[in-house]
Structure formats: C-alpha cells, structure tokens
Amino acid sequence: MAISPDLSATVGNTPLLRLRRISALTGCEVLGKAEFLNPGGSIKDRTALGLICDAERKGLLRPGGTIVEGTAGNTGIGMALIGASRGYRTVIFMPETQSREKIDTLRMAGADVRLVPAVPFKDPRHYVHVARAYSDSLNEQTPGSAWFGNQFDNTANRDWHEATTAVEIWDQTLGQVDGFVCAAGTGGTLAGVGRALKERNPGAKIALSDPAGSALAHYINRGELLAEGSSISEGIGSSRITANFEGAPIDLAWSVPDQESVPLLHELLREEGWCVGGSSGVNLAGAIRLARELGPGHTIVTVLSDAGTRYQAKLFNPRFLREKGIPVPDWLDQAFPS
Ligand code: PMP
C-alpha cells in the first residue's frame, strides 16, 4: 500500500542528503538527515510520536485526554498535530523568547499556547515545572484526564530515536557510518542514535556539537557544568544533564559560536538549496569538526533538524544578525534591504 492512513504514518523515514559543499571541503562523505521534511517540520515530530505512543500503550493518555508539554516549540508542534489527528487537546508551555513563527504554527495547529518567562531550570516559573504543575492540577480535578509528556526526562524519547532514527541511518548508509554528530536539547537524538550506532559499530565516533551558552560540551570535556556566552539557536543546549542525555556514548564535544554556525546555513541555502534552522547550523559546524578529526575518506552523518523558514525574522534578517555580531552575506542584504 502506498497510502499513508494518517499523519503519524508520515513521521520519519526522511531522506539522507549528501552535503556537497562540506563533503568537498573535508574530503569526507558528509550526510544530513532531512528532518525538516517531517509533517510538523522538525525532528521533534519523532519525539512527539514516540512519547504519545508510549503513553497510550501504558494507559497514561486516554481517548479525549489532554496532552501537556513544556517545549521550545517543535515538540509542541508535533504533539499538537498528532493530537489533532488522534482527538487530543494540547496545552503547550514555552519560553516567550522563542521564534514568533513557532508560536504562530502552534496556534494554527490548535494548541493552547501559554508563554512563560525564559528563566533558569532552578526557577519554579521555568516552562517545564509550570507544565508539570498544570498537568497535575488537571488530574486533581479529573483523574486521568491529562498527561505530561516530560520530553527531557522521559526516556521513551531516546528509545524512539534508537529504534527509528538510528536504524534508518544505518540502513541508508548500508552500515558504513564512521561518525555521527549533533547538538542536544533533551539529548534524545544524540543518545538514542549514539547508542544504536555504537552497538552496531563500536568504532563509530559519536560527537556533541554544542551551542555557545550551553554547559554540555564543557561537562563532557571537563566533568563540570559550565556555560559561557550565548547563541541565537533555539531548542538546543542545556544547563543540566537530563535523563535522556545521561549516559550518552559521547567521544568528542565542542562548543560552537554562532559566528561559525550561521554562515554555514546561509551557504547551504544559497549553494545547495536546503533551507535549515539554527540548530542545523551548529550540526553542520560539528560535522566539519568531526570530519577534520577523522580525516578524509570517512562517512559522517548529522541532522538537519528543522527549516530556516521557522526563524526567518532572526536567521535571515540582516539587522538582527548585525546586532548579534554575525556576518551578513551580500545576497541577504540585497534580499532584505533595510
Ligand atoms: N533542533 C531543534 C530545532 C530542536 O527543536 C531540538 C529539540 N528541542 C533539537 C534540535 C534537539 O533535539 P533533542 O531534543 O533530541 O536533543
């Protein structure tokens, strides 16, 4: 049957793209998993589906129930769309600093969006704590009516990547993968893919490409959670070790500045036609670093997590980029004259 019965059936099985420019630059075969082609536009459709299927199986999410999640946006979009398709209400808590495009997409998808201040995890007003408390309050009123997805610490997230994303990468490369690199938000992608690849090929190198402002690279290299600087990328980086990230088999880790990552996504759009978001830029920078580490002739896989259109007003806005000290290519100045 070539017919997809519903939205969930179209999540995953994304193409693996040859990244021509970076491959030529490094002498490696550098491949990008085109996660922006998922129905909700990001890799987080997989997380949403994995968590929802797990909750349904355990009887935690019941027909007509309410999904509650704390998210930078993309997981919420996946949950709202799958919720629409399966008859669930969705309530999303997210920091007010996230892109207008993601907030609008969530509203279009029918989510009840609650914006909260962008505060550190230890603050009780943090979006994850507020989401959990809201879910608890619904369940106090009507037991069993709400389910909190808990994407950061619910390891059904990592397990879904281990069973789907990783297996697709292995099959698409015919098992010829020497390295995998990506950034971590929940850590589900990196830990899930990393575990499955190591199991199949213990020599494969797993690397973390971490945005400035995140504590994870420093933690892997020095054993201490320390963050410096900041990044305009969204959905990646962390100040804590989540249950999904815990124990990820990471061989190498780098902190990548925006000045290095954003020009790579500008070049990818202009020279190869792929329009990707900020976390994909950090992943591209990581792929170059891993290729340099392994040397020419190796196959390296990374992730193109979502589309650049989701961040047009930031990543493709000359004035915004200049304010952040990020180089602006001539063509972008000409496309959006100030
Ligand atoms: N890229 C984007 C655009 C995301 O939204 C996220 C998740 N918030 C990630 C990367 C990180 O993926 P993971 O949560 O699996 O670490």
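A crossing of two helices is called left-handed if the near helix is turned anticlockwise from the far one by less than a right angle, and right-handed if clockwise. The structure is a predicted model, in which local features need pLDDT of at least 70, side-chain atom pairs count only at pLDDT 80 or more, and totals for chains, interfaces and linings use all residues. Residues are numbered from 1 along each chain as its sequence is written.

The chain as a whole comes first. It holds 14 helices and 10 strands. Its radius of gyration, 19 Å, is close to the 20 Å given by the globule rule for 338 residues, so the chain is as compact as a globular protein of that length; the radius is taken over C-alpha atoms, and the rule is 2.2 Å times the number of residues to the power 0.38. Along the principal axes, the C-alpha atoms fill a box of roughly 60 × 50 × 45 Å. Of the 338 residues, 52% are buried, where buried stands for 20 or more other C-beta atoms within 10 Å of the residue's own, exposed for 12 or fewer, and partly exposed for values in between, with C-beta atoms placed from the backbone. Among contacts with a separation of 6 or more, 69% join residues 24 or more positions apart; a contact requires C-beta atoms, placed from the backbone, within 7 Å.

Helix packing is next. Two packed helices are described by the angle between their axes and the distance between the axes. Axes are lines fitted to C-alpha atoms, for helices over the stretch in contact, and angles run from 0 to 180 degrees between N-to-C directions. Angles under 35 degrees count as roughly parallel, over 145 as roughly antiparallel, 65 to 115 as roughly perpendicular and the rest as oblique.

Helix α2 (residues 44–57) packs against helix α3 (residues 74–86) at about 55°, their axes lying 8 Å apart, which makes α2 oblique to α3. On the α2 side the contact involves Lys 44, Asp 45, Thr 47, Ala 48, Leu 49 and Ile 52, and on the α3 side Asn 74, Thr 75, Gly 78, Met 79 and Ile 82. Five of these residues are nonpolar, four polar and two charged, counting Ala, Val, Leu, Ile, Met, Phe, Trp, Tyr, Cys and Pro as nonpolar, Asp, Glu, Lys and Arg as charged, and the others, Gly among them, as polar.

Helix α2 also meets α6, with axes that come within 8 Å and cross at roughly 115°; the two are therefore roughly perpendicular, and their crossing is right-handed. Here Arg 46, Thr 47, Gly 50, Leu 51 and Asp 54 of α2 face Ala 156, Asn 157, Asp 159, Trp 160 and His 161 of α6. This contact divides into three nonpolar, four polar and three charged residues.

Helix α6 (residues 156–163) in turn packs on helix α8 (residues 188–200), the axes coming within 7 Å and crossing at roughly 45°. The pair is therefore oblique, and the crossing is right-handed. Residues of α6 in this contact include Arg 158 and Trp 160, while those of α8 include Val 193 and Arg 195.

Finally, Val 130 lies in helix α5 (residues 127–141) and is partly exposed, with 18 other C-beta atoms within 10 Å. Leaving aside residues up to four places away in sequence, Val 130 touches Phe 93, Val 116 and Arg 125.

Technical notes. Helix = DSSP H or I, 4+ residues; strand = E, 2+ residues; numbered from the N terminus. Contact = placed C-beta atoms within 7 Å.
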